[in-house]
Each structure stands twice: as C-alpha cells, then as structure tokens.
Amino acid sequence: MISAHLTVDPYFTVGPINRRLFGAFVEHLGRCVYDGIYEPGHPTADDQGYREDVMALVRELGVTTIRYPGGNFVSGYRWEDGIGPREQRPRRLDLAWHSTETNEVGLDEFAAWSRKVGSELMYAVNLGTRGVQDALDVLEYANIRSGTRLSDLRVANGTPRPHDIRMWCLGNEMDGAWQLGHGSAQEYASLAAKTARAMRQIDPGLELVVCGSSSAQMATFGSWERTVLEATYDEVDYISCHAYYEPKDGDHPSFLASAVNMDRFIESVAATADHVKAERRSTKTMHIAFDEWNVWYQSRYGVEKLTGIDDWPVAPRLLEHTYSVMDAVVVGNLLISLIRHADRVTAASLAQLVNVIAPIMTEPGGPAWRQTTFYPFAFTARLARGEALELKLDSPTYDSARHGEVAVIDAVATHDADGGGTAVFLVNRDETADAEIEIDVRMLGEVGVREAWTLSDKDPHAANTLEQQDRARPVANPTARRDGGSVTISLPPVSWTALTLG
Ligand code: AHR
C-alpha cells in the first residue's frame, strides 16, 4: 500500500483557470470532419448534415474552444476553396495526409457547427504555402461586418453576421521538416511578425498564437522559441506547444509519468519567453497555448500516411487509435499538468476531437461512442472551476527511465470562491499497488465529500470499442470520507480520480 499526503489551501493560488484550457482540435484529416462531425444521410444528421449524436457527445465533453482547420493540413490549404455553393467547390490534393479534400465543409460550415456545440472557433492561417495577404483575406471574410468584397461575399454565401473569431494561429508546426513551407526559425519569425502586424491593422484586439516547437524533442527546441519570440514578442499573445505521448518499448512507468515531461516543457517555454521579455525590458508576459496534446501511438503505427500517385482517398481511416484505461490515466494526468500551470497556459487543445486520435469515435451510418480518454477530459472540464491551487504534495517516488525520479501520486486542486467548491484531481501511477491518500482540508472549513469518481480497470489495457462501447468508465469511489481535518481516499493502481468537496 502506498501512502501520500496533500494539503489544500485555497489561499495559495496559481491563477485563474481559463476555460480555454478545455479546448480541442478538428483537422481536415482522415474521418475527423467527413464521417465524423459531418455525415449527411446519417440517421441523426440535421438539415445541414451534422451528426446530432456527435454534437451531443461534444457538448458532454465540455469542449470550450476548437482549433481548426489544421494541423499539417492548413499549411497547404486554400481557405476560399471551402466557401460558396458546394457544387462549385474544387476537389484538391491534401499533401499533408495524401488524401483528397472535397471542401464540402469550410469556414462557414465549421463556424456554424461550432456555434451549435457551444464552442469558440480558433482559426489557423496558412503560413506554409501562403502568407500575409491570405491571412488578411480570410480575416476580412470572417470578421468584417459587410461593405467590402470579401465580407459581402460571406453575407452572400448565407452568413450575414461576422464570425468574430478572436484567436488566430499563425501557421502550424513551422519548425517541422514535414511541414509544407517549413524553413528556418528566422524565416518563420519574420513571416509571422509581418502577418501579425498586418492582421492587427484590421483588428488590434485579435489574440494571436505564434508557432513554438512541435515537441520538446525537436533539435531546435529552445532556440526556435527564442528566435521566434525575439521577432514577434510585441505582436503576439501566445506561443504554442505541441506534445504527444506514448509508451516506448513497453516502458509503462515512464509513460505513466508523461506529465512530468509536459511540466518541464511548459516551464522551459515560459523561461525562454521570460528571457526574451527581460531582453526587451517588456512588461508583457507571454501566454502559452498548448494547442496540440494527447496520447498518440506514433511509433507503434507510424505517422500513417498513404502514398501512391493514383491513391488520394476521401476521408480514409487514419490515426484511429483505440485508447486504453492506462492512456486515459495519462490524459487525466496531462490535464493536471495544464491546470497546475494555469498562470501561463491559458489555452489548450486536445488533439483531436472525433475519430482521429480522438475521445469520440463514430461509424458511418452507425453509432458514436466515448473512448476511455473522453472521461477524464469531460470530468475535469466540468469540475475544475475558479483558481488552480498550489498543492503541498508528499508522495513516494520511483525511478523512470525517461524522466528520472518521479512521484507515484500526482495531483492538482482547484477552488471556486463563488460557491463552486473545491476539486482535487489525482492519479496513481503505480502499476500494482493501491494508494491511500490523506488530504488536509482544514483550511477549507467544514467541507464534506460531494463527488468522488475513479477510472481504473483490473486490465489497464481495457478499452471501449464499437463492439463494447461501455467497457470502461469512471465509477463512484466509495472510499472517500471526511475524517476530522482530513479527507481520505483510496486509489487503485493505474487510476485517475476526481474528488469534489463542498
Ligand atoms: O494531430 C495530428 C498532427 O500532429 C497535426 O496535423 C500536426 O500539427 C501534428 O504533427
């Protein structure tokens, strides 16, 4: 039995939790859009072809912001292909995923869908094969009320009110050699700065995200951020981070501690941004948009991509991973890491949303269901309110091959002074032992346990599939109880838990 102790004190705050932390990502990739959110002819499709069953799950997931339309896809995308009468829209090669893009869904359709699910649209512009003028054009089309060629075109296309998109990504993963239009940090920095300045001439209030590194393992990590921020610091509000995690060579102890890598990644980017801030004697603090994160089995399946000069399928099955309970525990722990850094990470996007490395899966003409990873996201988005708290956590540790010595138990707490109560999110990373957690709650006053949910399984590799859609889900944890000045709770091996007090 493992024992750990934590103290929750609502006066020790990290910062307010921005609701944009619970964002997701929809890319024109595989079956995320087509056969995912959009499937005219599906029994649940509405009059615009959007699946109602998927929309209901997206709402339940609690997604606040959705980054769109890519991803690698955006670096070759011509946004104007996706507007106007559908029958006139061109079919194009999507070089990023070696597919055919039919353009049946574009900016207006996706904005309409975002409104239906109650999410904010965060739009990425193409700085791969395009640049300043293209960014200005799509901004004019999307956000100007009327009276210009492009805004009037939007009105004529059936969207009288502007989309009013506030957050804009200046390209995607421009540090990666796989990215269309990839260049040096200097080249990207110069283009991003020019684009940002131009976009702000239309609307100085836009929130702009400049590309950071595609992962902390990139050879240019650190110097990329410095170079890019030195050129864009005054023009942008966020620098992005992307990270995907997987067990390498069956090393589950390291995989279960993936959040340690995310913690270090965030802290390194914040330090680099603060270095540039100091150089510039700036008073502005750069925020982080962790706008792609998830578990992704890249080395098991490869980064799937089709090949062949005559083989450009529409909406092929790509990156359709089935997530286990262990994967969901890691996802829950990555959310803990994001909340722990709520003072710097003020936007994040789980990548992605439907079918493609996704919490929601669908079958054409068939059902939609929740993967294991759906649950920690949905519960955290619902329960993490108010401020992130600084925790005093005493946990035993273990040696992990990839991250060194790490805590067995990880946790974060949130507190809503306006009556929302206190939530504690916990993981037990041990593969065999139960853990007994004692939480000192004296500073919270006379609180009791409101809800306690734990996701675990005797088989940590259990998953929800088409055949067995409800194999794993959080269940009420009956061990949670108040005892004097403490709340105690038992956590099974490889588990994620949400506990609320009030
Ligand atoms: O989410 C899948 C891909 O991962 C995205 O297109 C890209 O930005 C990242 O490398």
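Visitor: Which strands make up the closed barrel, and in which sense do they pair?
Guide: In this predicted model, eight strands form a closed barrel, and the order in which they run is E3-E4-E7-E8-E9-E10-E11-E12. From one strand to the next the twist averages 30 degrees. The sense of the pairing in this barrel is parallel.

Visitor: How many of the residues of strand E10 are buried?
Guide: In a regular strand the side chains alternate between the two faces of the sheet. Tyr238, Ser240, His242 and Tyr244 point one way from E10, while Ile239, Cys241, Ala243 and Tyr245 point the other way, and all are buried. Strand E10 (residues 238-245) is therefore largely enclosed by the rest of the structure, the buried count being eight of the eight residues.

Visitor: At what angle do the axes of helix H1 and helix H11 cross?
Guide: Two packed helices are described by the angle between their axes and the distance between the axes. For helix H1 (residues 52-61) and helix H11 (residues 374-383), the axes come within 8 Å, and the crossing is at roughly 55 degrees. That angle makes H1 oblique to H11.

Visitor: Which residues of H11 are met by H1?
Guide: The residues of the contact of H1 with H11 divide into six nonpolar, no polar and one charged. H1 contributes Leu57, Glu60 and Leu61, and the residues they meet in H11 are Phe374, Phe377, Ala378 and Ala381.

Visitor: How many disulfides does a search of the whole structure find?
Guide: Cysteine 32 is buried, with a relative accessible area of 0%, and the closest cysteine sulfur to its own, in cysteine 169, is 15 Å away, which is too far for a bond. Cysteine 169 is also buried, with a relative accessible area of 2%, and its sulfur lies 7.5 Å from the closest cysteine sulfur, in cysteine 211, again too far for a bond. Across the whole structure, the number of disulfides found is zero.

Terms used. Residues are numbered from 1 along each chain as its sequence is written. This is a predicted model: local features need pLDDT of at least 70, side-chain atom pairs count only at pLDDT 80 or more; totals for chains, interfaces and linings use all residues. Side-chain values use heavy atoms; hydrogens and water are left out. Axes are lines fitted to C-alpha atoms, for helices over the stretch in contact, and angles run from 0 to 180 degrees between N-to-C directions. Helices (H or I, at least four residues) and strands (E, at least two) are DSSP runs, numbered from the N terminus. Angles under 35 degrees count as roughly parallel, over 145 as roughly antiparallel, 65 to 115 as roughly perpendicular and the rest as oblique. Contact means heavy atoms within 4.5 Å. Ala, Val, Leu, Ile, Met, Phe, Trp, Tyr, Cys and Pro count as nonpolar, Asp, Glu, Lys and Arg as charged, and the others, Gly among them, as polar. Buried means under 20% relative accessible area, exposed over 50%, partly exposed in between (1.4 Å probe, protein chains only). A disulfide is a pair of cysteine sulfur atoms within 2.5 Å. Two strands pair if DSSP finds at least two bridges between them.
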